[in-house]
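Subject: Structure handover and notes

Hello,

Please find the structure below, with my notes following it. I have grouped them by topic so that you can read them alongside the model.

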Amino acid sequence: MKNILRMSKAYAPTLKEDPSDAELASHRLLLRAGMMRKNAAGLYTFLPLGMRVLNKVEAIVNEEMDNAGAQRILMPFVQPADLWHESGRWDDYGPELARLTDRHGVEYCLGPTHEELITSVVRNELKSYKQLPVNLYQTQVKFRDEIRPRFGLMRGREFLMKDAYSFHATQESLQETYDDMSEAYGKICDRLGMVWRPVEADSGQIGGKVTCEFMALAEYGEAEIVHCECGYAADAEAGECICAPSMYERDAMEKISTPGVHTIEELASFLGISESACMKALSGKGADGKLYVLFVPGDHELNEIKINREVPGFELLTDEEMVEYGLFKGSMGPVGLPESATVIADRSLKDIPQWTVGANEDGYHLAGARLGEDFKVDGWADLCTVKPGDACPVCGKPLGGARGIEVSQVFQLGTKYSEAMGATFMDEDGTEKPFIMGCYGVGVSRSMAAVVEQRHDDAGIMWPASIAPAHICVVPLTVGDDLVQPAAEEIAGKLADQGFEVAIDDRNERAGVKFADADLIGWPLQVVVGKRGLADGKVELKLRSTGAKCDIALDDLERTFVPCAEALAAGAVDPFDILFE
Ligand code: ATP
Ligand code: MG
């Protein structure tokens, strides 16, 4: 008996109505297509069709890992707290780390990631530089007690991740593996049929690219990306910001009565100038307990990651604290600040000799305040979150904007874990050194959702053949007769013989129900078998991704599908497109 997926027997409960709490298309459609069910916030069961897809995503990821020279292992999901104490992350990780205690009172956590565990595995075994590099990976369930699990598989609490960890004697060796893994990650995205970009996730580090995120572009992705035609792309949270504030020029510093004006928007419209000519002031305290007053162009936002790099532990002052320091919310400026304040401004403002700012007096602002004369700035830094329209840090052209879903990330860890955990090897020169490490993660279940986010329409999902639950669904318009059903069975058998994974909708349902379900589930190709067509010796093909239809002669069936079978074997994501060209 051929391996044909029979919809009359499949546990694939499709839903006609949209589930009420599903905002994103991927969430809604994976539920409606009977691929998964929700058990609790961020916890899902994969049903048979969803499991087929998940397995295929995992298989592609594993294959590319093997090709990149990584070796598969499996670590425990539950990890001893001791290791996390060694790295310091037991305290640092926060409430996302789910902790538990066993019957003997020993503490553990549910693995959100496995740097500690893997480091503890190799530290007693890899002893010499001669054994390096080593790259180990696993594909496993992770648990993160996300503050806001949402969007189905996109941000779950329990989710499937492929995580890899590499160990090196030299930075060059790490760079080599990092590059190989990045290439493998690109191939994975391609094989999943994604439209994707590698984006710089942390440009602030000197010494080049230390981490890169792979983003599936999607209208409703959680991440904001800026990109340039020159090929540069960055996560807006991390990308370098090169902006051009403007200047409201005055002959001398003027104090202007601005009753009721508290925001940049109000100030700009009150003065009839652009927001980029107003300087936004923010006040906060660092871990050193000192007062910091920051200035950024009015049309940009202070970036939390960047300010924390300048002022570790930076936190904005509360309204009460501002009053204690004698600061005026909505009228803060650099002229006449308390002596104790350290002023840091975005470096773009260095080129603006006159600032429009608060007067440190409620209801008043200053225009034409002169940098270096009327006030001073103690430090300059890149403080803003980059926006579309800002200059590309590589070529200077204006950046475009997009949204994306982070499907994977590669990271050069350096010696953070090996040093903290005493994981060392004997180097060529006879000295003991900590391993230089890399880590690499793919969101397997999130990737599945990201593909749906990119490939769907109102009727349902449009799987690429590479991860579809089956490549082709044969749809007999009637069952139980002595013409259509046997013909459909024969066609399904022949297609299976040609190497396709085939489903047959042999349910005793109306044609309309079968068409709707086939579109919803998203088989790449439908082969519709009806009485009238058979009388003419024909069946109808429908390409899910475009809705295009064509008739083919039954006599020609196998010959027609030969190029598709070849394309599929060669790794084509959409091997049936050629039938409709
Ligand atoms: P995010 O910024 O989206 O929270 P992350 O950067 O914390 O993700 P990593 O530690 O880089 O995640 O994990 C590797 C991959 O695991 C991510 O690129 C993502 O695809 C996936 N992943 C992370 N968190 C989740 C989650 N809550 N649900 C599903 N997949 C996730
Ligand atoms: Mg990440």
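Before the first item, a cut-off: a charge is taken to sit over a ring if NZ of Lys or CZ of Arg is within 6 Å of the ring centre and within 35 degrees of the ring normal. Please also keep in mind that this is a predicted model.

Charges over rings

Arg99 meets that condition with Trp90, lying over the face of the ring at 4.7 Å from its centre. There is also a lysine case: the charged end of Lys255 is placed over the ring of Tyr364, 4.8 Å from the ring centre.

Aromatic pairs

Searching the whole structure gives eleven aromatic pairs. One of them is Trp355 with Phe375, whose ring centres are 4.8 Å apart; the pair is classed as tilted because the planes stand at 55°, and the edge-to-face class needs over 60. These two residues come from distant parts of the chain, 20 residues apart: Trp355 is in strand β19 (residues 354-358), while Phe375 is in the loop between β20 (364-370) and β21 (379-381). Trp355 is buried, at 0% relative accessibility. Phe375 is buried as well, at 4%.

Trp355 has a further partner in Trp380, with ring centres 6.4 Å apart and planes at 75°, so this pair is edge-to-face. Since Trp355 belongs to strand β19 and Trp380 to strand β21, the pair ties together parts of the chain that are 25 residues apart in sequence. Trp380 counts as partly exposed, because its relative accessibility is 26%. Ring pairs join Trp355, Phe375 and Trp380 with Phe295 in a cluster.

Nonpolar cores

The largest nonpolar core has 64 residues, and the members touching the most others are Leu30, Met65, Trp463 and Trp523. What does Leu30 contact beyond its neighbours within four places in sequence? The list is Met35, Met36, Leu153, Met448, Ala449, Val452, Ile461 and Trp463. Another core, of 29 residues, lies apart from the one above; among its members are Ile4, Leu534, Val539 and Cys564.

Strand β28

Strand β28 (residues 472-476) has five of its five residues buried, so the strand is largely enclosed by the rest of the structure. Ile472, Val474 and Pro476 point one way from β28, and Cys473 and Val475 point the other way. The partner of β28 is strand β29 (residues 502-504), paired in the parallel sense over three bridges. Opposite Cys473 in that pairing is Ala503 of β29.

Glu406 is partly exposed, with 27% relative accessibility.

Backbone points to check by eye

Most residues other than glycine have a negative phi, and most peptide bonds are trans. The following go the other way.

- The peptide bond from Leu132 to Pro133 is cis, its omega being near 0°. Pro133 is in the loop between α5 (115-122) and β8 (134-143).
- Phe151, not a glycine, has a positive phi of about 60°. Phe151 is in the loop between β8 and β9 (158-168), and counts as buried at 11% relative accessibility.
- Asn360 also has a positive phi, near 55°. Asn360 is in the loop between β19 and β20 and is buried, with a relative accessible area of 14%.

A loop contact

Where is Tyr93 found? Tyr93 is in the loop between α4 (89-92) and β6 (99-101). Leaving aside neighbours within four places in sequence, Tyr93 is in contact with Trp84, Pro112, Thr113 and Arg144. Of these, Pro112 is 19 residues away from Tyr93 along the chain, and their C-alpha atoms are separated by 9.8 Å.

Regards

Conventions. Residues are numbered from 1 along each chain as its sequence is written. Chains are lettered from A and ligands numbered from 1 in the order in which they are written. This is a predicted model: local features need pLDDT of at least 70, side-chain atom pairs count only at pLDDT 80 or more; totals for chains, interfaces and linings use all residues. Side-chain values use heavy atoms; hydrogens and water are left out. Rings of Phe, Tyr and Trp (its six-membered ring) pair if their centres lie within 6.5 Å; planes under 30 degrees apart count as stacked, over 60 as edge-to-face and the rest as tilted. Helices (H or I, at least four residues) and strands (E, at least two) are DSSP runs, numbered from the N terminus. Buried means under 20% relative accessible area, exposed over 50%, partly exposed in between (1.4 Å probe, protein chains only). A nonpolar core is a set of buried Ala, Val, Leu, Ile, Met, Phe, Trp, Tyr and Cys residues joined through side-chain atoms within 4.5 Å. Contact means heavy atoms within 4.5 Å. Two strands pair if DSSP finds at least two bridges between them.
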